[in-house]
Amino acid sequence: MRDPVLQVQGQDRMALKLLFWELEQHLKSSSGASVVAIDNKIEQAMDLVKSHLMYAVREEVEVLKEQIKELIERNSQLEQENNLLKNLASPEQLAQFQAQLQSGSPPASSQPPGTAAQQAGAPAQPASQSAGPSA
C-alpha cells in the first residue's frame with residue numbers, strides 16, 4: 001500500500017525546496033532582523049506541510065469510504081444468500097449444522113446432501129423429499 005502522507009509532488013515539492021533553501025541562507029547570515037523572516041519562512045513551510053497532509057488525509061478518507069461501501073454491499077449479498085440457503089435447507093440439515101457449530105467442528109460443506117445422514121446410520125431419503133418446501 002502506498003504512503004500518501006510522505007508524497008510531495010510538483011509545485012509543493014519545489015516550494016518546500018525553495019523555502020528550506022531560503023531558510024538555510026537566512027541561518028547562514030543570521031542577524032537580529034532576519035529572525036522575523038526566518039519565523040515567517042518556518043510558518044510558511046509548516047502551512048505547506050499541513051495543507052499537503054490534509055489533502056493526503058482527505059484522499060485516504062475517500063478510499064476508505066469506497067471500501068466501506070463495497071463491504072456493505074458484499075455483506076448484504078451474503079445475508080441474502082444465507083437467508084436463501086436457510087429457506088432451502090431441511091430441518092434436519094439445519095439441526096445438523098447447529099450441532100456442528102455448537103461442537104466446534106467445521107461444517108461438512110464438501111459432502112453431498114444425505115452423505116452425513118447415511119454415515120450416521122439414518123436411512124437415505126429420496127431427493128424429492130429432502131429438498132424442503134416445494135414451490
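Aspartate 12 counts as partly exposed because its relative accessibility is 28%, where buried means under 20% relative accessible area, exposed over 50%, and partly exposed in between (1.4 Å probe, protein chains only). The model is a predicted one, in which local features need pLDDT of at least 70 and side-chain atom pairs count only at pLDDT 80 or more, whereas totals for chains, interfaces and linings use all residues. Residues are numbered from 1 along each chain as its sequence is written, and side-chain values use heavy atoms, with hydrogens and water left out.

Aspartate 12 lies in helix α1 (residues 10-28); helices (H or I, at least four residues) and strands (E, at least two) are DSSP runs, numbered from the N terminus. When residues up to four places away in sequence are not counted, aspartate 12 touches Leu48 and His52, a contact being heavy atoms within 4.5 Å. Valine 49 is 37 residues from aspartate 12 in sequence, and the two C-alpha atoms are 8.6 Å apart in space. A further pair is formed by glutamine 44 and alanine 15, which are 29 residues apart in sequence and 9.7 Å apart from C-alpha to C-alpha. Glutamine 44 belongs to helix α2 and, at 40% relative accessibility, counts as partly exposed.

The protein chain contains 5 helices and 0 strands, and its elements run α-α-α-α-α from the N terminus on. Of its 135 residues, 12% count as buried. Among contacts between residues at least 6 apart in sequence, 59% join residues at least 24 apart. The chain exposes about 11,000 Å², of which carbon and sulfur atoms supply 59%; accessible areas come from the Shrake-Rupley method with a 1.4 Å probe, and for residues only the protein chains shown count as cover.

The count of salt bridges comes to 1, a salt bridge being a side-chain nitrogen of Lys or Arg within 4 Å of a carboxyl oxygen of Asp or Glu. The side chains of lysine 65 and glutamate 62 meet in a salt bridge with an N to O distance of 4.0 Å. These two residues are 3 apart in helix α2 and therefore separated by about one helical turn. An α-helix has 3.6 residues a turn, so residues three or four places apart point the same way. Lysine 65 counts as exposed at 51% relative accessibility, whereas glutamate 62 is partly exposed, with a relative accessible area of 49%.

In helix α3 (residues 91-103), 13 residues at 1.5 Å a residue should span 18 Å, and the end C-alpha atoms are 18 Å apart, in agreement; the expected span is 1.5 Å times one less than the number of residues. Just after α3, glycine 104 takes a positive phi of about 90°.

Confidence is expressed as pLDDT, the predictor's confidence in each residue, from 0 to 100. The mean pLDDT of the protein chain is 76, and 64% of its residues reach 70 or more. Confidence is highest in helix α2 (residues 34-88), at a mean of 93, and lowest in helix α5 (residues 127-130), at 44. Over residues 115-135 the pLDDT is below 50, and this stretch has 9 contacts in the model beyond near neighbours in sequence. Where pLDDT is low, the predicted coordinates should not be read in detail.
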